[in-house]
Amino acid sequence: MNLYDEFFKMIEENDTITIFGHMFPDGDCYGSEIGLKQALLHFYPDKKVYAIGGGFKRIPSDFPGFDEVDDETIKNSLGIAVDIGDTPRLNDKRILTAKERIKVDHHIFTEKFCDLEIIEDDRVAACEIISNLFLYKFGYLPKEAAEPLYLGITTDSGRFLYSPVDEKLFKTVSDILKSNVDTKRIYDALYTVDPESLKFKAYVYQNFKIDSGVAYMVFTKEILKELKENGVYHFDKKQAAPQVNLIGNLLGCYAWVFFAEGEDGMVRVELRSSGFPIQPVAVYFGGGGHLQASGCVLDDINKYQQVIDKIKENYRSYKNED
């Protein structure tokens, strides 16, 4: 029995299913949770299915939200973790109390915490894997599942810019689009620009720095507070750090990093690279992710230079290996 068959065997053996994602959810996390929930409700209408989490806002107004679920329900459920590789980044650790657990993820393996783990780190999004699960079993996706899954693939691939983008991905997307997905409505929700957010971008473009091929921005909590007070669009660390691709693919730069400090002093770090694996740097500082798109957390904003120095060190080793 292959992993996909095992997945559906566990689904069919459980009456209640709870779905969990990661902290600081992105489009792939939202799409994975909601797309999986909607697909399960469509193909298994007698089951109780709950998606637990929230926090991603750029969705069409009529897209589904998340559920409030009590502890006892979770304990008696099949818990499914999507788009997350390890327990420290779980959005709700109550999944660890579920009677059985499944993981569906596309990050490089870091920790086993589920009974069944479907990990395909050569896929651009967890939404791609979930789509393939149901296409494998049923041959199609209902529209209510296809739309959030398409949203997740779109965001994690950067509108099909970031690797891995291959013929398998486009075959999956082609099958998703057969469900009459309203791509314009999704794009309008994702990419309509708030005029005030342009001020944040302007600040980034005027203040980013480059250190030997590493482009970076450091947002202390004081800077974020000052930006808000000066009428610049308000980002806290959860919103600021993911904007890292504003300085992506700069001429002469092989990596780009955003550091954003919260009121608690903890620092969210988002790392990206072009052509060399930056994931080991994130792992070195207690994080993880994809080879060229990863993240970690620092306990002191003044440690940002340590991250930059580690990136440069790894890059020198990488070039010498070539």
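Across which strands does helix α4 lie? In this predicted model, the close-up views below take up that question and then turn to other parts of the structure.

View A. Helix α4, made of residues 126-138, lies across β3, β4 (100-105) and β5, and the helix runs at about 115° to β4.

View B. Five strands, in the order β2-β1-β3-β4-β5, form an open sheet with parallel pairing. Because β2 (48-52) and β5 (116-119) stand at the edges and each has a single partner strand, one side of each is left without a neighbour in the sheet. From one strand to the next, the twist averages 15°.

**View C. Strands β1 and β2, with helix α2 packed on the sheet.** Strand β1 (residues 16-20) runs parallel to β2, and the two are joined by 5 bridges. Within this pair, T18 stands opposite Y50 in β2. Helix α2, which spans residues 27-43, packs on the sheet and touches β1, β2 and β3 (78-82), while the direction of α2 makes about 175° with that of β2.

**View D. The buried side of helix α7.** In helix α7 (residues 183-191), the residues I186, A189 and L190 are buried. They lie on the same side of α7 because they cover an arc of only 95° around the axis. As background, an α-helix has 3.6 residues a turn, so residues three or four places apart point the same way. The buried residues of α7 pack against another helix, α5 (143-156).

Conventions. Residues are numbered from 1 along each chain as its sequence is written. This is a predicted model: local features need pLDDT of at least 70, side-chain atom pairs count only at pLDDT 80 or more; totals for chains, interfaces and linings use all residues. Side-chain values use heavy atoms; hydrogens and water are left out. Buried means under 20% relative accessible area, exposed over 50%, partly exposed in between (1.4 Å probe, protein chains only). Helices (H or I, at least four residues) and strands (E, at least two) are DSSP runs, numbered from the N terminus. The arc is that of the directions from the helix axis to the C-beta atoms. Contact means heavy atoms within 4.5 Å. Two strands pair if DSSP finds at least two bridges between them. Axes are lines fitted to C-alpha atoms, for helices over the stretch in contact, and angles run from 0 to 180 degrees between N-to-C directions.
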